[in-house]
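Colleague: I am new to this structure. Please show me how to read its features.

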Amino acid sequence: MSTSDCLIVVSNRLPVTVRTTASDCSLEWSGGGLVSALTPVLRETGGCWVGWTGTDYHETVAESLDRWSSQQNYSLEPVFLTPAEEASYYEGFSNEIIWPLFHGLPSRCQFDSTYWAGYRAVNAKFADGVERVAGNGGFIWVHDYHLMMLAENLRARGVIERLAYFHHIPFPAPDTFETLPWRSEVLRALMRFDSLGFQTPRDRRNFVESLHRCLPGVQVSGVGERLRVRFEDHWSNIGTYPISIDYSALSAEASGPDVTTEAEKIRQGCSGTAIILGVDRLDYTKGIPERLIAFQTLLRSDPEVRGRVTMIQLVVPSREHIQEYIELRRRIERLVSNINGEYSSPGWVPVHYFYRAVSRTELLAFYRAAQVALITPLKDGMNLVAKEFCASRIDNRGVLVLSEFAGAAAELRNGALLVNPHDTEKVAELVASALRMTESEQRIRMELMRRQIESYDVFRWSESFNIESKPSPSLIQDLRAAPAHMSH
Ligand code: GDG
């Protein structure tokens, strides 16, 4: 992005979440893949980030956010949600409909029309937030499935800036997508963006096929991963842009002395056994129980590995007051306890389980201490942990066992051992071969993956999306000339 462009990022959450008490508030890093990826981009370009604070209105919040922004290269524009809005838009429509549906799990969806009403109302509220900071030309970049109705709302308010949307999670196959009762409304709203980006060719293809099926009259031109799509009087660019990480910052940090010392402590804490590492937000899409079952299968079928390997599973708390997540946590903890109960021996505990976020230094140290990263989501838009693991392996060692249903598999297939995460016996077999892999094979595979991530890092991702999604000058003129209610 050129420095003359003013970037406005819009996402459900701000990069910091507010914790309030009766008299005060504090800020906490929001975490998660979207925040990890966008923070380095905004730090470099400057601009503004519009998002929910995680709270309802509280008078001290704006002041705390301003204080925080004054130490950054970008500002924050808060959106506040009432408990009722949070329940219908966030917990309801986003978490109980779009998240499971788009991860291919329609049976988990609660198609409740009050959720849909709440979703539309909150998208309008976000549009108010964007309107407060827009108006200097530039570029409004909307992120993820919480805000699919935003372009429609912004155009109705007369906002003329370039509007782009990036979809971080998978886009489902048309047979799944079309079960959404509000499918045409959602697609129509998405087609008001000037450009739309998806993580993988499969997501992009699913989106275009869903358009053909649910929006009669849509026209598609172009081939490959960059398409132009017309719906009614509006053209949108549609493309595949796999999200990435700040490779050079991460590799540099991973080679620092603090990380090196911490990695050594982790290895010692595991008595020098080979470490198999899992790192995930608590979510049923991440395949954590299936992974533990695969590890149990390995211990059961191969007595040789007992006492020689340790599985470290980090689970970062997420959506903690939703019943399904509470049950998932219980299931994971039961499995950990069963495995440890069955196989521990004096001086050896097979699974080290952490239910909390760790510091970045610790996280990088875990990446460096591991012999195998076992990343087996049942479905994942990209999975940045897989890329971070490779970027931190400055020693070119370590093996990535990766689900073929993670978006990252499309880019890392030459170096990773790909597996169907539902096939727990196969996962166990692949872990066993990863543990036996020669150092020279590890090096070849790791170098291939590191080169791929280095050459297409998060800055390339952002630049290619932004450059290719620029509209022609004539389109900008048309937009400026058109009355607000008629334009996009
Ligand atoms: C969504 C999509 C897509 C994790 N534990 C700790 C910690 N993390 C950081 C990791 C990584 C991020 O959280 C997780 O990113 P993922 O990509 O793996 O997953 P989601 O949060 O589900 O992200 C996903 C992503 O958006 C981007 O488009 O890849 O498919 O679901 O950066 O490092 N960070 C710290 N402590 C932890 O304990 N500091």
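Modeller: Start with N383. It has 7% relative accessibility, so N383 counts as buried. Buried means under 20% relative accessible area, exposed means over 50%, and partly exposed lies in between, with a 1.4 Å probe and protein chains only.

Colleague: What should I know about the model itself?

Modeller: This is a predicted model: local features need pLDDT of at least 70, side-chain atom pairs count only at pLDDT 80 or more, and totals for chains, interfaces and linings use all residues. Residues are numbered from 1 along each chain as its sequence is written, and side-chain values use heavy atoms, leaving out hydrogens and water.

Colleague: Where is N383 found?

Modeller: In the loop between β15 (372-375) and α14. Helices (H or I, at least four residues) and strands (E, at least two) are DSSP runs, numbered from the N terminus. N383 is not a glycine, yet its phi is positive, near 90°. N396 also has a positive phi without being glycine, near 55°. N396 sits in the loop between α14 and β16 (399-403). Its relative accessible area is 12%, so N396 is buried.

Colleague: Which residues come nearest the ligand?

Modeller: A residue is near a molecule or strand if one of its heavy atoms lies within 4 Å of it. Here 24 residues are around the ligand, and S36, H168, V358, D380 and E388 come nearest. The shell has 12 nonpolar, seven polar and five charged residues. Ala, Val, Leu, Ile, Met, Phe, Trp, Tyr, Cys and Pro count as nonpolar, Asp, Glu, Lys and Arg as charged, and the others, Gly among them, as polar.

Colleague: Which elements each supply at least two residues of that shell?

Modeller: α1 (33-45), β12 (274-281), α13 (360-369) and α14 (384-392).

Colleague: How do I read polar contacts?

Modeller: Look for a pair of N or O atoms within 3.5 Å. Within protein, one must be able to donate a hydrogen and the other to accept it, and residues adjacent in sequence count only if both atoms are side-chain atoms. For E388, a polar side-chain atom lies 2.5 Å from a ligand oxygen. For S36, a side-chain N or O atom is 2.7 Å from an oxygen of the ligand.

Colleague: How do I check a helix length?

Modeller: The expected span is 1.5 Å times one less than the number of residues. Helix α11 (residues 288-301) has 14 residues and should span 20 Å; its end C-alpha atoms are 20 Å apart, which agrees. α11 is mostly covered, with 10 of its 14 residues buried. Among them are I288, F295 and L299.
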